[in-house]
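Here are my notes on this model. Please read them with the structure open.

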Amino acid sequence: MSFHPAAESADSYSDDERPLDLAQALSVVTAAETRARRELHPNGGWLYLLWALAWFLGYGVLHGSRNGWLPLEPPTALLIFGLLIALGIAATVAVFGKQSRGIRGHSSFTGGFYAVAWALGFTVMGALGSAISAAVDDFWLRGMLINGIAILIVGLLYITGGTTFNDVIQVVMGIWFLVVDIVSIMSGPEHFLTVFFIFGSAGFFVGAAVETLRQRRRTYHA
């Protein structure tokens, strides 16, 4: 009969008393984090794609009206653009409202006030837009100024959201939108729509592709 102290020591532990396997514990924590991220952000790629289409069609209609390629008066094109943006906002609120059900504590506080920041930012933009509309007669110059303010808010809040929720894609997209905003303003009232039609919507299309690949990788490793 052989005697092996290690074997005897291991056999003497019950299941609850066995030493913690750090590799297994890390695997469990990683899997839980992956599941939590997937439940909190299940439709990120689809939302980015939705906004890509809204910007592509919306800025495309305005761009076509501006250059006489579409039989639409500028106010009609602006109305279509506004309806597409409103559709994107409604879909985003519906998705995040559904996701936030049951979330409590610090996550609820952070997500709630992040949403409030968006609402307050665009409330201020509405006030500034009214003042600009009263002071500037040129339709396209007025549009460039109001659009520039709106994208400034979007870019800064994307960066804030990315740093708050540890999402690199949001940070990169926020920086991209600010760069596009600068280029569009430098392009002037005649070309700012072209910049957003091409490069603004492209940012969302790329973001949708990257987010979709990232979510598939998480699902594969979960």
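1. A word on the basis. This is a predicted model, in which local features need pLDDT of at least 70, side-chain atom pairs count only at pLDDT 80 or more, and totals for chains, interfaces and linings use all residues. Residues are numbered from 1 along each chain as its sequence is written, and side-chain values use heavy atoms, with hydrogens and water left out.

2. The chain has eight helices and zero strands. Helices (H or I, at least four residues) and strands (E, at least two) are DSSP runs, numbered from the N terminus. Of the 222 residues, 32% count as buried. Buried means under 20% relative accessible area, exposed over 50%, and partly exposed in between (1.4 Å probe, protein chains only).

3. Contact means heavy atoms within 4.5 Å. Take contacts in the chain between residues at least 6 apart in sequence: 68% of them join residues at least 24 apart.

4. The expected span is 1.5 Å times one less than the number of residues. Thr 110, Tyr 114, Gly 121, Met 125, Gly 129 and Ile 132 are buried in helix 5. The buried residues of this helix pack against helix 6 (139-164) and helix 7.

5. Helix 7 (residues 168-187) reaches 29 Å, close to the expected 28 Å. Its buried residues include Ile 169, Met 173, Phe 177 and Asp 181. Seen down the axis, the buried residues of helix 7 fall within an arc of 165°, so they line one face. The arc is that of the directions from the helix axis to the C-beta atoms. On the other side, Val 168, Val 172 and Met 186 are exposed.

6. Now the ends of helix 7. At its start, a side-chain oxygen of Asp 167 comes to within 3.1 Å of the backbone nitrogen of Ile 169. After the helix comes Gly 188, with a positive phi near 90°.

7. Ser 184 deserves a look. Ser 184 sits in helix 7 and is buried, at a relative accessible area of 1%. Its side chain reaches the backbone oxygen of Asp 181 at 2.8 Å. Leaving aside neighbours within four places in sequence, Ser 184 is in contact with Met 144, Phe 192, Val 195 and Phe 196.

How values were computed: Polar contact = N/O pair within 3.5 Å; in protein donor to acceptor, adjacent residues only side chain to side chain.
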